[in-house]
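Dear colleague,

I am passing a structure on to you with this message, and below it I set out what was found. Please read the notes alongside the coordinates.

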Amino acid sequence: MDREHIIGHVEVEGTDHTDPGPHWDWDRYLRMVREASKKPA
C-alpha cells in the first residue's frame with residue numbers, strides 16, 4: 001500500500017478526472033489505509 005500502487009484518478013493515463021486534487025494529503029490517506037488493513041473484518 002504505497003503511491004506506486006494507489007494512485008489518483010488524475011494519474012490514470014487518458015482520464016478526464018482531476019481528483020483527488022493538488023491538496024490531497026496522500027501521507028494521511030495512506031496511513032489510514034494501512035491502519036484499516038490491520039483491523040479484522
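The charged end of Arg 3 sits over the ring of Trp 26, 3.7 Å from its centre; a charge is said to sit over a ring if NZ of Lys or CZ of Arg is within 6 Å of the ring centre and within 35 degrees of the ring normal. Please bear in mind that this is a predicted model, in which local features need pLDDT of at least 70 and side-chain atom pairs count only at pLDDT 80 or more, whereas totals for chains, interfaces and linings use all residues. Residues are numbered from 1 along each chain as its sequence is written, and side-chain values use heavy atoms, with hydrogens and water left out.

Trp 26 itself is buried, with a relative accessible area of 17%, where buried means under 20% relative accessible area, exposed over 50% and partly exposed in between (1.4 Å probe, protein chains only). Trp 26 also forms an aromatic pair with Tyr 29 that is edge-to-face, at 6.0 Å centre to centre and with 80° between the planes. Rings of Phe, Tyr and Trp (its six-membered ring) pair if their centres lie within 6.5 Å, and planes under 30 degrees apart count as stacked, over 60 as edge-to-face and the rest as tilted. Trp 26 and Tyr 29 are separated by about one helical turn, because they are 3 residues apart in helix 1 (residues 26–38); helices (H or I, at least four residues) and strands (E, at least two) are DSSP runs, numbered from the N terminus. Tyr 29 counts as partly exposed, at 29% relative accessibility.

The count of aromatic pairs comes to 3. In one of them, the rings of Trp 24 and Trp 26 have their centres 6.3 Å apart and their planes at 75°, so this pair is edge-to-face. Trp 24 is partly exposed, with a relative accessible area of 38%, and Trp 24, Trp 26 and Tyr 29 form one aromatic cluster.

As for the protein chain as a whole, its secondary structure comes to 1 helix and 0 strands, and its C-alpha trace spans about 35 × 20 × 15 Å along the principal axes. Of its 41 residues, 7% count as buried. Arg 31, which is found in helix 1, is exposed, with a relative accessible area of 52%. Arg 31 and Glu 4 are 27 residues apart in sequence and 15 Å apart in space, C-alpha to C-alpha.
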